[in-house]
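Here is a short report on one protein model. Keep the 3D view open while you read.

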Amino acid sequence: MLRLWLIRHGMTQGNKESRYIGVTDEPLCPEGRKDLEKAEYPLPQEIYVSPLARCRETAQILFPGKRLHIIEELSECDFGKFENKNYKELSEDKDYQAWIDSNGMLPFPGGESREDFMQRTIKGFQKAVIGCIRNRASLGALVIHGGTIMNIMDVYAAEERGYYDWHVKNGGGYLIEIDTKLWLKGRREVKLCASWMEG
């Protein structure tokens with residue numbers, strides 16, 4: 001059996017300002033670092049992270065001195081023309097209104113579609129699970145993005161929720177359990193063990 005922490009990175013300045021922060025590689029803000037320093041987690045045997053600075057910094061604060069395995073596919077969505085802007089700045093944008101009206105189902109103009117983002121991050125998650133299995137880890141951690149976590153839970157969680165119902169705040173996430181024998185046989189489902197909305 002494999003247990004995995006799915007942890008969303010700490011707060012950045014863009015997060016504080018409710019901006020669409022996807023490929024923008026900004027660091028944690030001082031408040032984000034301070035909040036993470038209060039958190040306590042059991043030490044995982046394997047840690048997988050998005051290559052973006054906010055995830056690497058979060059992992060280094062939570063698990064100092066531990067080796068980090070970077071998986072490119074775990075990066076956040078490319079928000080295209082919405083990148084690094086907030087809803088106020090986009091309020092007069094016709095493309096943004098069309099995206100809102102679609103309940104977030106339309107591709108981001110100049111960015112990724114939800115389908116492409118989903119496929120990419122699921123590939124990254126599968127790499128992390130296989131890495132844990134190969135290294136005989138019983139406890140692992142993925143320090144990743146809110147959108148990446150929503151994708152993983154939407155595809156694999158035994159518990160049914162709406163896609164956006166899997167959203168967590170900075171520092172929040174889920175503890176999941178995977179039956180590795182069934183996973184290797186193609187029965188890929190995760191059991192939700194615990195959740196916390198924010199760190």
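## Two helices that cross

A crossing of two helices is left-handed if the near helix is turned anticlockwise from the far one by less than a right angle, and right-handed if clockwise. The model here is predicted. In it, helix α2 passes helix α3 in a right-handed crossing.

Two packed helices are described by the angle between their axes and the distance between the axes. Here α2 covers residues 30-37 and α3 covers residues 53-62. They pack at an angle of about 35 degrees. Their axes lie 9 Å apart.

## Who touches whom

From α2, the contact uses Arg33, Leu36 and Glu37. From α3, Glu57, Thr58, Ile61 and Leu62 take part. Sorted by class, the contact has 3 nonpolar, 1 polar and 3 charged residues.

## A buried strand

Now turn to strand β5, residues 173-178. Buried means under 20% relative accessible area. In β5, 6 of the 6 residues are buried, so the strand is largely enclosed by the rest of the structure.

In a regular strand the side chains alternate between the two faces of the sheet. Look for this in β5: Gly173, Leu175 and Glu177 point one way. Tyr174, Ile176 and Ile178 point the other way. Both sets are buried.

## The partners of β5

Strand β1, residues 2-8, runs antiparallel to β5, and 6 bridges join the two. Find Arg3: it stands opposite Glu177 in β5.

Strand β6, residues 190-196, also pairs with β5. This pairing is antiparallel too, over 6 bridges. Here Leu175 stands opposite Ala194 in β6.

How values were computed. Residues numbered from 1 in each chain as written. Predicted model: local features only at pLDDT ≥ 70, side-chain atom pairs only at ≥ 80, totals over all residues. Heavy atoms only, no water. Buried < 20%, exposed > 50% of the residue type's maximum accessible area, 1.4 Å probe, protein only. Helix = DSSP H or I, 4+ residues; strand = E, 2+ residues; numbered from the N terminus. Pairing = 2+ DSSP bridges. Axes fitted to C-alpha atoms, helices over the stretch in contact; angles between N-to-C directions. Contact = heavy atoms within 4.5 Å. Nonpolar A, V, L, I, M, F, W, Y, C, P; charged D, E, K, R; others polar.
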